[in-house]
Every structure is written in C-alpha cells, then in structure tokens.
Amino acid sequence: MVLPSLSDLLIGGVAVTLNYAATFYLPSTRLLRDPLETLSVAIPVLLVGHVVIMMATLLYVKQCTLRATMTSVGYALVVTAIGTGVLHGLIVLFGASLIEKFNHTLAFATYLAIIAFIPSFTALAPSDTSIWIKTFVQHSPSTCAEIFAYSQTICTLSGAWIGAIVLPLDWERDWQAWPISCVISTYLGHAVGVVAAFGWASFKYVFSKKKSE
C-alpha cells in the first residue's frame, strides 16, 4: 500500500470547492427559491470545471500524454451522459414523477452524474478495464487511486439517496421541495467521500506497514 498522496486530497478539495461555488455561490438565484434555475447555472459550470480538473490532473500530476488525457476525458463524458439517463430512470423508479417536474428531475440526474462519475475518472484514469471492474464491480479498491475513485462515487450516490428520505415527510419546509434536499445531500456526500477516501487510504497504509513489520 502506497502512502496516500496529499495531491489526491488537494484535488478532491478543489472538486468540493467547485461543487460548492457552482451550487450555492455562482447562481444568481438561490437553491431554495428556484432549484431548476440554480441547477441550470450550476451544471455547465460543474461540467467544465470537473473536466478542467481532470485534464490538469492527468497532464501535470500523472504526466499522461495529451492523447491519453483526451481519450480519458472522452470516456468520462460518455459515461456521464449515459449515467444521466440511467440515473433519471432510477430516480423515477424510486418515486419521482415521470411527467411533473420532468426538467427538475433531469437537471438533478445530470448534476448527480457529473459529481459522481467525473471525479472517479480524475482519480483512476487512465486504467485498464480490469481495474475498473475490480474497483466498482468487485468492490475491492486497494490502491490510493482506486479508493479515492470508489469512495467519491459511492458516497455521492449514497448522499443523493439519503436526501430523498425527507421528501415524503409532512414537515412543510421549503427545502423539502424536489430536488433541493437531494442536491444538498449530493454535495455533502461527495465532500464526505473525499475525506473518507483519505482516511481509508491512510488507515490501509498504516495497517499494511505494521503488518509487514
């Protein structure tokens, strides 16, 4: 187990800051007042921002070639586009209306896909298919990069699901309107994923070091 690099934590921290700025700071409207308008502003900022973070990481941190970097970015965008459609369908299956607030649901699915998937490519790309299967299908991340990719994705998706728990409760709060609580919990889930990944990787490093001694 390699010592967790501070660069992984720094890159995750930049992504968390980007998510905060795009969701809560840059939009002229507030999330509680107009979630659709807020997401309409946040989504393109997030997409461009995360692609820039990914390209900078691959080119300057991982020292990848421009061709390998652009290929990885292409894969990330394809997965994000497909993931948006899949997540939209799953969100409807979990109870969101198919017709009513369709744009809200699509916007949230896009928001969720960008935050859940592109950071995992930033952490793990470029990697063989076997590494992706080991990390996400077999749920066996072992290296620092695999842990950061896995933790960010799983915690982001889990956060989105946790945010939906409060929606049917009869509290009549403004933040219970669809999909405000899910947007907030998605942001928090990703932030927790970054911190959890660093802690997980650090623990594995210390444990493996003691075991080898």
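Student: Where does His 139 lie, and what makes it count as partly exposed?

Tutor: In this predicted model, His 139 lies in the loop between H5 and H6. Its relative accessibility is 48%.

Student: Why is Gln 63 called exposed?

Tutor: Its relative accessible area is 61%, and exposed means over 50%, so Gln 63 is exposed. Gln 63 lies in the loop between H2 and H3. Its phi is near 60°, a positive value in a residue other than glycine.

Student: Which residue just after H3 takes a positive phi?

Tutor: Gly 95 does, with a phi of about 130°.

Student: How do you know that the length of H4 agrees with its number of residues?

Tutor: H4 comprises residues 102-124, and its 23 residues should span 33 Å at 1.5 Å a residue. The end C-alpha atoms are 33 Å apart, so the two values agree.

Student: What makes H4 largely enclosed by the rest of the structure?

Tutor: The count of buried residues does: 20 of the 23 residues of H4 are buried, so the helix is largely enclosed.

Student: Which residues of H3 are buried, and what covers them?

Tutor: The buried residues of H3 include Thr 69, Ser 72, Val 73, Ala 76, Thr 80, Gly 83 and Thr 84. Their cover includes H2, H4 and H6. An α-helix has 3.6 residues a turn, so residues three or four places apart point the same way.

Student: Which residues touch the most other members of the largest nonpolar core, and which helices supply it?

Tutor: That core has 50 residues, of which Leu 39, Leu 46, Met 54, Phe 108 and Tyr 111 touch the most other members. H1, H2, H3, H4, H6 and H7 each supply at least two residues of this core. The largest share, 14 residues, comes from H4.

Student: What is Tyr 111 in contact with, apart from its neighbours within four places in sequence?

Tutor: Tyr 111 is in contact with Thr 23, Leu 39, Ile 43, Leu 46, Val 183, Thr 186 and Tyr 187. Two of these partners, Leu 39 and Leu 46, are also among the core residues that touch the most other members.

Student: Why is Ser 151 called buried, and what lies 2.8 Å from its side chain?

Tutor: Ser 151, found in helix H6, has a relative accessible area of 4%. Buried means under 20%, so Ser 151 is buried. The backbone oxygen of Gly 193 lies 2.8 Å from a polar atom of the Ser 151 side chain. Leaving aside neighbours within four places in sequence, Ser 151 is in contact with Gly 193, Ala 196 and Ala 197.

Student: What makes Ser 181 a buried residue, and which residues does it touch?

Tutor: The place of Ser 181 is in helix H7. Its relative accessible area is 7%, and the limit for buried is under 20%, so Ser 181 is buried. Not counting residues up to four places away in sequence, Ser 181 touches Gly 163, Val 166, Leu 167 and Trp 175. The backbone oxygen of Gly 163 lies 2.7 Å from a polar atom of the side chain of Ser 181.

Student: How do you know that the radius of gyration agrees with that of a compact globule?

Tutor: For 213 residues, a compact globule would have a radius of gyration near 17 Å; the protein chain has 18 Å, which agrees. The chain has seven helices and zero strands, and 43% of its residues count as buried.

How values were computed. Residues numbered from 1 in each chain as written. Predicted model: local features only at pLDDT ≥ 70, side-chain atom pairs only at ≥ 80, totals over all residues. Heavy atoms only, no water. Helix = DSSP H or I, 4+ residues; strand = E, 2+ residues; numbered from the N terminus. Expected span 1.5 Å × (residues − 1). Buried < 20%, exposed > 50% of the residue type's maximum accessible area, 1.4 Å probe, protein only. Polar contact = N/O pair within 3.5 Å; in protein donor to acceptor, adjacent residues only side chain to side chain. Contact = heavy atoms within 4.5 Å. Core = buried A, V, L, I, M, F, W, Y, C linked by side-chain atoms within 4.5 Å. Rg over C-alpha atoms; globule rule 2.2 N^0.38 Å.
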